[in-house]
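Work through the exercises below with the coordinates open. Each task is followed by a solution in steps.

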Amino acid sequence: MDTLNKDVTAKPVSLATILWVIIAGSLTIHMVVMIIGHTILADWRWTGLAVHTSLEISGAIIALFVAMFLLRYERYGQGTHFNVHIAAALICMGVLDGFHAIVEVGNTFVWLHSIATFSGGLLFVLVFIPKQWYTFSAISWPLFVLGGSLVLGLMSFAYPEVIPTMIVNKQFTFWAVLLNVVGGIALFISAIKLIWSYQRYNNIDDLLFCLHCSLFGAAAIMFQQSSLWDTSWWGWHILRLLAYAIALWFVINGEAKIMNELEQHRFHLTELVAKQTQTIAQSEAQLIDAQRVAHLGSWQRNIASGKAVWSDELYRICGLTPGLDAPTQDTLINILHPDDKDEFLAQYQRALIEGQTPEREYRIVRPNGEIRWLQISGMISYDELGNPLNVLGTALDITDHKIKEAQIEHLANHDALTDLPALRLCRERMGNELARAKRNGTLFAVMFVDLDGFKLINDNLGHDVGDDLLIKVAQRLTRCLRDIDTVARIGGDEFLVLQTDVKNESSVSIVAKKLIETISTSYVIGQHTIEIGASIGISLYPANGDTISTLMKQADQTMYRVKKSGKNNFDFS
């Protein structure tokens, strides 16, 4: 079994069970949405073109991203047993779904979706071909599919008149249904092959893509039960997005396993380096090379004399020069960040008693003022009488890892377009404020802000202008509020404001008026002068609720009431 699957195959049952539950749950959602769409919501329609475009573009990007990783895994003998075939299918579906997302609603719109499902299903079925029958390289087939998909998409744009009739009066024709049903059946057949492969090889990645095919197959079959913009139509779009999310899960899971292996490798290397420092004179060249690769420095200090020896890599990590900056017992302590010195000294005293210290993260300040993060661990060696003799330690430069952690954390908690806090972060701050308000008896306000007229601008002037407008609105909202307040983007043109430490309803009204005036001031974007408004619904703690969910619901409902009563205004719950 390939190394990528070692950690997963150690506990195959629990993760596999989760995937089976997801498959069953997704198909149940399929049936429930289809039934609801033909009963209580039979007449419901929502022409959410912007949402649809976002769903399709997101799916297309994920498909191409996952395909790239599949081809990378194929090169190193990792991933599924069908990396090349699945990558080719995802490339085809991603390219055609991308064209589908940007074309106007109409015959070509339905054709591109249907041919993407049909072609993707047929390409997935190729997993039945034995590997010994392959006559192409791992890259030539996906490139051929990429070229063919681009040609098909461009030809569909250039010659729409040759496309068969796919939709009449918002109802899908025989050809549209046929392409989707055939593609869906092919996807289900592919899922059977992937299940068989999972049962034979116990490769969890095969089961992940079985789930991917099952969701896409369910969405394709659901297509023939839907019409444009109805409940079932949106239902199978959500299933498709879930299928792409499962494919993304495959990449995240694979990279996590690789990172785990790297972390284990780093741990073993750290242990090796700590032992080799005891015989540094015999293996100095090897140790220096190993430390340079791992960004790992080491030192040894005689407790009685205070004399210290540093590795060259530790000098580099600390921004010092070997031979010029002779280390003493206090050199490392002196360059520690002031906020970390007490903790370091406490751990040092603990090491003198217990013989070693756990790995701890500390900051140092280089002579040029640059701050670096180090993971430091140490141990004490003793003489025959049990007296402490030497301190041995290692320092791993984890600055790059810390930066990436901070970037990931920021991306997870902020809107990618406006860089405002996302709903998750805003809810966290609301929870903290709720606890503080209950403890101190203070008030706070929750505002739902929805832009009036944004959709018309987005549709008429394009998404680029719409995005620029959202960025400018976000900047204006931020300038209107205090540092202790929070404004978050929670949807397309919806924002959520948390105003803390408010005095009364009147003080909140002043802020709401200021927000509306600020938003309503005209914007100049390119050659366009744009005017929009805002409808704001406000709930107050504790008058309108004592939970986050209640306060948000009250503010949301009030905002919709404002929009129905004339827009560009605010009201309290």
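The model is predicted, so local features need pLDDT of at least 70, side-chain atom pairs count only at pLDDT 80 or more, and totals for chains, interfaces and linings use all residues. Residues are numbered from 1 along each chain as its sequence is written, and side-chain values use heavy atoms, with hydrogens and water left out.

**Exercise 1. Find the strands that pair with strand 10, and state whether strand 10 is mostly covered or open.**

Step 1. Helices and strands are DSSP runs numbered from the N terminus (H or I with at least four residues for helices, E with at least two for strands). Strand 10 spans residues 494-502.

Step 2. Two strands pair if DSSP finds at least two bridges between them. Strand 8 (residues 443-452) is joined to strand 10 by 7 bridges, and the two run antiparallel. One partner pair here is Leu-443 with Val-502 of strand 10.

Step 3. Strand 9 (residues 486-489) also runs antiparallel to strand 10, with 4 bridges. Ala-488 stands opposite Leu-496 of strand 10, and a hairpin of 4 residues links strand 9 to strand 10.

Step 4. Buried means under 20% relative accessible area, exposed over 50%, and partly exposed in between (1.4 Å probe, protein chains only). By that rule 8 of the 9 residues of strand 10 are buried, and the strand is mostly covered.

**Exercise 2. Describe the pairing of strand 6 with strand 7 and the hairpin between them.**

Step 1. Strand 6 (residues 371-382) and strand 7 (residues 388-397) are antiparallel and share 9 bridges. Tyr-382 stands opposite Pro-388 in strand 7.

Step 2. The hairpin has 5 residues between the strands, and Gly-386 in this hairpin takes a positive phi near 85°.

**Exercise 3. Classify the ring pairs Trp-141 with Phe-144 and Phe-174 with Trp-175.**

Step 1. Rings of Phe, Tyr and Trp (its six-membered ring) pair if their centres lie within 6.5 Å; planes under 30 degrees apart count as stacked, over 60 as edge-to-face and the rest as tilted. The count under this rule is 8 aromatic pairs.

Step 2. The ring centres of Trp-141 and Phe-144 are 5.7 Å apart and the planes meet at 20°, so this pair is stacked. Both residues belong to helix 6 (residues 140-158) and are 3 residues apart, about one turn of the helix. Trp-141 is buried because its relative accessible area is 19%, while Phe-144 is exposed at 59%.

Step 3. Phe-174 and Trp-175 give 5.5 Å centre to centre and 70° between the planes, an edge-to-face pair. Phe-174 is exposed, with a relative accessible area of 57%, and Trp-175 is partly exposed, with 46%.

**Exercise 4. Which rings have the charged groups of Lys-402 and Arg-476 over them?**

Step 1. A charge sits over a ring if NZ of Lys or CZ of Arg is within 6 Å of the ring centre and within 35 degrees of the ring normal.

Step 2. The charged end of Lys-402 is over the ring of Trp-373, 4.5 Å from its centre. Arg-476 lies over the face of Tyr-523, 3.6 Å from the ring centre.
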